[in-house]
Amino acid sequence: MKKLLTLFIAAASLLGTAGAAESSQKEMGNYKIAWQITEGLKAPESAYFDEASGFLFLSQIGEGGGKGKDGDGWISKLTVAGEMIQNKWITGLNAPKGLRSHAGTLWVSDIDQIVAIDIEAGKISKRVPIKGAQFLNDLATGPDGAVYVSDMVASVIYRHRNGKTEVFASGPEIEHPNGLLVHDGKLIIGGWGRDLQDDFSTPTLGRLQAIHLKNKLHSVITRKPTGNLDGVEIDGKGGYIVTDWRAGKVFRISRRGKAKVIMEFPQGAADHAYLVDRKWLILPEMLENKLTAFELK
């Protein structure tokens with residue numbers, strides 16, 4: 001693990017202040033770039049579009065690495081068009097990763113706690129320590145306000161609901177979960193793989209899975225090992241768009257579990273947002289210090 005965390009620090013070296021996005025007609029393979037931001041980013045991890053407020057939020061780990069309790073992580077606030085409204089909108093975080101909102105609150109995972117942010121006020125409203133957490137990663141919210149957060153190292157998923165935190169799922173069968181998404185009554189899980197090593201490699205790749213929120217019935221969407229899965233979003237066609245952090249791949253996974261690589265990047269393709277109406281993939285490239293909106297039309 002220390003090797004990868006050192007890589008986070010070394011790679012997040014781009015300095016500068018936040019600026020407006022660069023509009024571009026460049027293409028990535030068959031996909032046009034709508035806009036791109038490279039200035040002022042340091043290890044961007046998760047992009048999330050909050051439909052209620054109309055803003056895009058971006059978590060940035062900063063220079064201290066994914067497990068560094070150094071207080072230099074922050075959340076950025078942007079327009080959907082890629083204009084940086086405020087780069088350091090919320091500061092005082094350590095290594096913020098997954099983002100998701102519910103009822104005007106933006107929740108973020110931060111190593112061993114989840115943090116509630118009042119979107120309208122632009123202030124942290126609550127911090128919830130997760131006892132025993134080792135490496136909290138992605139986060140999802142349910143329609144009832146429940147917050148689900150993955151502990152990738154411990155292979156545990158916690159649920160925080162009505163002021164109480166409990167283990168929702170755990171064990172090797174959930175394959176060191178990273179990406180989470182609540183969809184259609186289920187928690188969709190992007191598995192990183194089995195037997196996690198110190199450098200975050202896995203001898204067996206992870207699969208896309210699902211756990212029913214009511215009865216906790218577990219099922220596998222991609223039956224074959226798929227990747228070190230990170231971001232998970234619906235594609236608007238009954239399937240999912242999923243990233244593989246270590247391989248730098250973006251998959252489109254059908255409802256039947258067929259995975260197709262649609263884009264490839266350097267290592268570090270992180271937790272993306274996908275705007276179904278515009279068909280925009282907004283991808284943080286964590287080790288490249290870059291945020292890009294691609295048109296998947």
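**Pocket, cores and strands**

The largest pocket is lined by 23 residues, and those nearest its centre are Tyr48, Phe49, Glu51, Arg100 and Glu233. A pocket here is an open set of points on a 1 Å grid over the protein atoms alone, with protein on both sides within 12 Å along at least five of seven lines; lining residues have an atom within 4 Å of a point. The model is predicted: local features need pLDDT of at least 70, side-chain atom pairs count only at pLDDT 80 or more, and totals for chains, interfaces and linings use all residues. Residues are numbered from 1 along each chain as its sequence is written, and side-chain values use heavy atoms, with hydrogens and water left out.

The space in this largest pocket comes to about 540 Å³. Two or more lining residues come from each of β4 (44-50), β8 (99-102), β12 (136-141), β16 (177-183), β22 (229-234) and β26. These strands are DSSP runs of E, at least two residues long, numbered from the N terminus. By type, the lining holds 13 nonpolar, five polar and five charged residues.

Next come the cores. A nonpolar core is a set of buried Ala, Val, Leu, Ile, Met, Phe, Trp, Tyr and Cys residues joined through side-chain atoms within 4.5 Å; buried means under 20% relative accessible area, with a 1.4 Å probe and protein chains only. The largest core has 16 residues, and Trp35, Leu78, Trp280, Ile282 and Leu291 touch the most other members. At least two of its residues are supplied by each of β3 (31-37), β5 (55-60), β26 (273-275), β27 (280-285) and β28 (290-295). β3 gives the largest share, three residues. Another core, of 14 residues, lies apart from it and includes Ile61, Phe135, Met152 and Leu196.

Strands β6 (residues 73-78) and β7 (residues 84-93) run antiparallel and are joined by four bridges; two strands pair if DSSP finds at least two bridges between them. Leu78 stands opposite Met84 in β7. The two strands, β6 and β7, form a hairpin with five residues between them, and Gly82 in the turn has a positive phi of about 90 degrees.

Strands of a sheet pair through backbone hydrogen bonds, either parallel or antiparallel. An open sheet of four strands has the order β22-β23-β24-β25, with antiparallel pairing. β22 and β25 (259-264) are the edge strands, each pairing on one side only. Within this sheet, β24 (residues 249-253) and β25 pair over five bridges, and Ile253 stands opposite Ala259 in β25.

Note on methods: Buried means under 20% relative accessible area, exposed over 50%, partly exposed in between (1.4 Å probe, protein chains only). On a 1 Å grid over the protein atoms alone, a cavity is a set of points where a 1.4 Å probe fits but cannot get out, and a pocket is an open set with protein on both sides within 12 Å along at least five of seven lines; lining residues have an atom within 4 Å of a point. Grid points are joined across faces, edges and corners, and a volume is the space filled by probe spheres set on the points. Ala, Val, Leu, Ile, Met, Phe, Trp, Tyr, Cys and Pro count as nonpolar, Asp, Glu, Lys and Arg as charged, and the others, Gly among them, as polar.
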